[in-house]
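Hi,

Here is the structure I promised to send you. Have a look at it first, and then read my notes below.

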Amino acid sequence: MESLPVANLLRAAALVIGGWIIARLVSASLVRALRRRTAAQSSMLLRRGSFWLIFGLALVMALRELGFDLGVLLGAAGILTVALGFASQTSASNLISGLFLIGERPFVVGDVIRVGTTTGEVLSIDLLSVKLRTFDNLFVRIPNETLIKSEITNLTRFPIRRVDLQIGVAYKEDIDRVREVLTAVAERNPLCLTEPKPLFIFLGFGESGINIQFSVWAERDNFLELKNRIQTEIKQAFERAGIEIPYPHRVVVSAG
Amino acid sequence: MNAPVVTPWWGEFEIPIDATGVWRLGPLCFQVRNEGREWLLSHRVEGEPVDSGVSVTIPSDAPLAGETRRYCFSAEPQRLRLTPRLADRPVISRPHTELFVPAGEQVQLFVGTPVWLAASVGAPSRELLELPVNRPSDTWFGPTTREGGLSYAATTRAVSDPKRIVFSPFRAVTPVLVRNRASRVLAIERLNIPVVYLSLFLGEGDTLWTEAVTFERSEGQEEDAVLRIESGPPQEAGEGPRLSEPRQSSERNLVFHAFNALFG
């Protein structure tokens, strides 16, 4: 580097000091002006972003005064941009997935969804992720890219929902009578919808008894209450009717 | 029409301070206790849904039981008013026997729907609660499990002769005229009674009536019909007073999902 005139050195120093002061003043003023509209975290980002933008410009101007070739800096910036691009692939994918999710609307804020083993209420649908609150009050963040690739079950899309009950009865029981008892229980329970009609399915012959599925419908908000109440009522009805719910049976044959 | 034998349970009642009034309305036991500036209202289901007796006991020694609510006032309310009201959702009435209306025919039916009890106190009247006298079962009415609406399910004799109506203090009668202007027979397995658009009137002999409605089904309409609601009490009821207003206002000539909605 050729020896620089003192004037250039002084100008460079003035640019750095002046740039620092101006950057501090402008960033603080911006944050003060927008304090009521921005959260604490956003204020911090705004302060730092605006400070380094202005101070960075001042530094570049100071470097020019000192005789540095800015082309080298621009080349370094270009390489940095490529590196950032590679590093932000996942974020870009999440961003694009988020746009598709917003357009397709498989769920909206307030819906209850199940993704894998996580079930929760949708709190927000953001650019990169969706936030859920689970029923035990935990906060879950799911990247949009994961959601686009996964099966999502929306538990609150439709107004009514079916409760599937798995019931086992002893082999000795009369299946028609069991069906009558179950139907009567469903008819007596006002939360159990009359239409669609309850469904009785003979699933098969189990190890210890006959397996039956009895499905009843409820308004979505009454799903849990109906599930609890009707199973209690079925048990009481079976006891009154003398219908046995079998324990596991084993037949032991001794050798010799 | 048969001479109705209906015991009214509605009206204004004075309950002395520190006394309890008990209304046994079919399966419902409704109690009101006056403690001056606090009133306690409780209700429970005691009997079977088919019970139709009415008894009012004021004062009563029976302790409050069931679901109880406590209401506080700045000044002691003087009187309790009980008012019958129609259901808060449409009622899907299923005739005991499926009936058919041939093409070009019309039929006049009389359909019963369950009523609610509304309790209010003071002047001006302040409503405290409302509840069904005989809570009907929830049901869904719509072409699929995705489209439709939550309703109540009821069964009805759907008699066509007003002399054969069986009156109840807990049911309101709606005259329904079904006109089938289509070229195919109309099979009525379920009928959607739009009680939320109807008023409740007091008829002769303390019977409960709503306005008459007409469902007119035209060519191309399978389960929809144009609904028309007549104004005022039906002629079979006489000129009784209006007991309660419609819960919702309706449009004139509303196209309404009136029939069946069977599920695939």
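To start you off: which side chain does B:R70 meet in a salt bridge? The partner is B:E38, with 2.8 Å from N to O. Keep in mind that this is a predicted model, so the distances are computed from it.

B:R70 sits in strand β6 (residues 67–72) and B:E38 in strand β4 (residues 38–45), so the pair ties together parts that are 32 residues apart in sequence. Over all chains, the count comes to 31 salt bridges.

Next, look at where the chains touch. On the chain A side, 15 residues are in contact with 14 residues of chain B. Together the two chains bury about 1,200 Å², and 61% of that is on carbon and sulfur atoms. There are two salt bridges between chain A and chain B. You can find A:E195 and B:R190 joined in a salt bridge at 2.7 Å, N to O. As for the side of chain A that touches chain B, its residues split into nine nonpolar, three polar and three charged.

Cheers

Key. Residues numbered from 1 in each chain as written. Chains lettered and ligands numbered in written order. Predicted model: local features only at pLDDT ≥ 70, side-chain atom pairs only at ≥ 80, totals over all residues. Heavy atoms only, no water. Contact = heavy atoms within 4.5 Å. Buried area = accessible area lost by both parts, 1.4 Å probe. Salt bridge = Lys/Arg side-chain N within 4 Å of Asp/Glu carboxyl O. Nonpolar A, V, L, I, M, F, W, Y, C, P; charged D, E, K, R; others polar. Helix = DSSP H or I, 4+ residues; strand = E, 2+ residues; numbered from the N terminus.
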